[in-house]
Amino acid sequence: MEQPFRIEELRLAARNHGMPLEALRHPVTPMGLHYLLIHYDIPAVDVASWRLAVGGRVACPRAFTLDEIRARPAVEVTVTMECAGNGRAHLAPRAFSQPWLDEAVGTARWRGVPLRDVLVECGVRDAAVEVVFTGADRGIEGGVTQRFARSLPLAEAVRDDVVLAYEVNGRPLPPQHGFPLRLVVPGWYGMANVKWLVEVAVVDRPFTGMQQVAAYRVRRDEDDPGVPATRMLPRALMVPPGLPHFPTRARTLTAGTCLLEGRAWSGSGPVVAVDVSTDAGRTWRPARIERDVESPWAWCRWSLEWDAAPGVHELRCRARDARGDAQPDEPAWNVGGYANNAAQRVPVTVVASDVAGGER
């Protein structure tokens, strides 16, 4: 039995948005199509008074202006970023939160300053174990008024590809994506990429903020402390073929040769295989992989020709990465609906007559 959506979930869905799956054709996602999740409100930031405070267990605490950040040697990283809750709406019972289907993903070119360079300049002390990142966005959660804050182990924070980003796809960060400065952590789920950064604090003990110890944990039940969601699990997504019905989005396709295509990624190494099924998972065929984005942290393109015969078909796709992790055919339920990377399912009706005449 399907669960009805609550009005609160619809409010969340109206504020946030996923990437239309037809945008998987783009190697780099146009910024207006990149998925977006805003936990609280978009903060109003006055750049003239904004500062990034770097402190805690460092020898030389500092507060940087945006101009000082931008004046430093810059790097650019192309990164596929996915929300940890992607796929949540497919689970039953469904967790009460942003009701993502499969579209909470996007790939962008982020430009900024390596976090490691800033930490080296400030002098990280020997006792440091984590780095805490705090945004300017404020809200109430768990009965507590707070800013959004997350931490990374020090070893992750000082990777040379972790960036304090002030541009995306060649333009200054838009307000909804963290203007004036955000964190980008390649390979990790989106919640680690803290937006609207105002503070970076090096600490000598594990951070116990709500977004770290209560949220974004994969738990079997309410009493299970769970394990944190960290790196993105492997996932392949398909551009739904054919024409969509409005408003159901049901797909209709003309019989004949059809190019199935999409993207695949993982946070733990490159994707080495994508398999496609056109018969609801009974048989699988290997797809061709094309690395059309020059970045170890970006998705790859996959494609497969299908001789579509009239009838009702369920298409599926699944990825495997270099570490050997692979997508399951069925989802594993958890309390928060996190890290559901079960194989995508796309129902398609194939008809003998031409349906392309109505396409615009």
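**Basis.** I worked on a predicted model, in which local features need pLDDT of at least 70 and side-chain atom pairs count only at pLDDT 80 or more, while totals for chains, interfaces and linings use all residues. Residues are numbered from 1 along each chain as its sequence is written, and side-chain values use heavy atoms, with hydrogens and water left out.

**Open sheet.** I took strands as DSSP runs (E, at least two residues), numbered from the N terminus, and counted two strands as paired if DSSP finds at least two bridges between them. I found an open sheet of 4 strands in the order β13-β16-β20-β19, with antiparallel pairing. Its edge strands, each pairing on one side only, are β13 (235-238) and β19 (288-290). Within this sheet, β16 (residues 256-265) and β20 (residues 300-308) pair over 9 bridges, and glutamate 261 has serine 303 in β20 as its bridge partner.

**Strand β10.** I then looked up β10 (residues 197-203), which runs parallel to β1 (residues 52-56) and is joined to it by 4 bridges, with valine 202 as the partner of glycine 56. With β5 (residues 130-141), β10 pairs in the antiparallel sense over 6 bridges; here leucine 197 is the partner of glycine 135.

**Cores.** A nonpolar core is here a set of buried Ala, Val, Leu, Ile, Met, Phe, Trp, Tyr and Cys residues joined through side-chain atoms within 4.5 Å, buried meaning under 20% relative accessible area with a 1.4 Å probe, protein chains only. The largest has 68 residues, and Phe133 and Leu183 are among those with the most contacts inside it. Strand β7 (residues 163-168) gives the largest share of this core, 5 residues. Apart from it I noted another core of 21 residues, including Ala236 and Trp302.

Terms used. Buried < 20%, exposed > 50% of the residue type's maximum accessible area, 1.4 Å probe, protein only.
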